[in-house]
Amino acid sequence: MPEQVKKRLAEEIKLLEHELTTELPAEIKKAVALGDLSENAEYHMAKQRQVFVNARLGQLKKRMGELAMVNLVNIPNDKVGFGSHVTVFDSSKDEEIKYQLVTSEESDVAKGLISTTSPIGRSLLGKQVGDTATVITPNGKRELEILKLLTIHDVADEA
């Protein structure tokens, strides 16, 4: 999973770097040729975009560095961790829910993909089958009892 995220981030970085080094300088040069920069909307828009692209590149490169440090060997074999498929019983909703813990870039709550940094993800990390995780949400406290757990190692063995 982290490899797919890294690939998407690398593609976005490549596109933004091209925009920053090729497209934006051309736009700025064209806007400068129009004259008075103090009232030149094209120039100001291009400069604002340049600042945004630089900031986004910084974020993406930082995230790539964080993902490069993910070591699957350090993920426990018997506890909830990154990549785990977890079936829980939510006592407040009186229903079973299935979650998979993923990176923030992959999260999609509607599909049951929750980030390890989300409130639910954080509360489940390190828990085992039979444990209860307490999650504080805007709607109140939720108790999630872990019924079934497949770690990233179990999923890899099934594939």
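**Salt bridges and the elements they join**

Lys61 and Glu17 form a salt bridge in which the closest N and O atoms are 3.0 Å apart. Because Lys61 belongs to helix H2 (residues 41-68) and Glu17 to helix H1 (residues 2-33), this pair ties together parts that are 44 residues apart in sequence. The model under discussion is a predicted one, and the count of salt bridges in it comes to five. Lys61 has a relative accessibility of 44% and therefore counts as partly exposed. Glu17, at 32%, likewise counts as partly exposed, since that class lies between the limits of 20% and 50%.

A further salt bridge is formed by Glu19 and Arg49, with 2.7 Å between the closest N and O atoms. This pair also links distant parts of the chain, for Glu19 is in helix H1 and Arg49 in helix H2, 30 residues apart. The two partners fall into separate classes of accessibility: Glu19, at 13% relative accessibility, counts as buried, whereas Arg49 is partly exposed with a relative accessible area of 33%. The limit that matters for Glu19 is 20%, under which a residue is called buried.

Another of the salt bridges concerns strands. Arg142 pairs with Asp90, and the closest N and O atoms are 2.5 Å apart. Arg142 is located in strand S5 (residues 140-150) and Asp90 in strand S1 (residues 85-90), so that distant parts of the chain, 52 residues apart, are linked. Arg142 is buried, with a relative accessible area of 12%, and Asp90 is buried as well, with a value of 0%.

The setting of this last pair is an open sheet of five strands, in the order S3-S2-S1-S5-S4 and with mixed pairing. The edges are formed by strand S3 (113-115) and strand S4 (132-137), each of which pairs on one side only. On average, neighbouring strands of this sheet are turned by 45° against each other, direction ignored.

Strand S5 also has strand S4 as a partner: the two pair in the antiparallel sense over six bridges. In this pairing, Thr134 has Glu143 of S5 as its bridge partner. In general, the strands of a sheet pair through backbone hydrogen bonds, either parallel or antiparallel.

Notes. Residues numbered from 1 in each chain as written. Predicted model: local features only at pLDDT ≥ 70, side-chain atom pairs only at ≥ 80, totals over all residues. Heavy atoms only, no water. Salt bridge = Lys/Arg side-chain N within 4 Å of Asp/Glu carboxyl O. Helix = DSSP H or I, 4+ residues; strand = E, 2+ residues; numbered from the N terminus. Buried < 20%, exposed > 50% of the residue type's maximum accessible area, 1.4 Å probe, protein only. Pairing = 2+ DSSP bridges. Axes fitted to C-alpha atoms, helices over the stretch in contact; angles between N-to-C directions.
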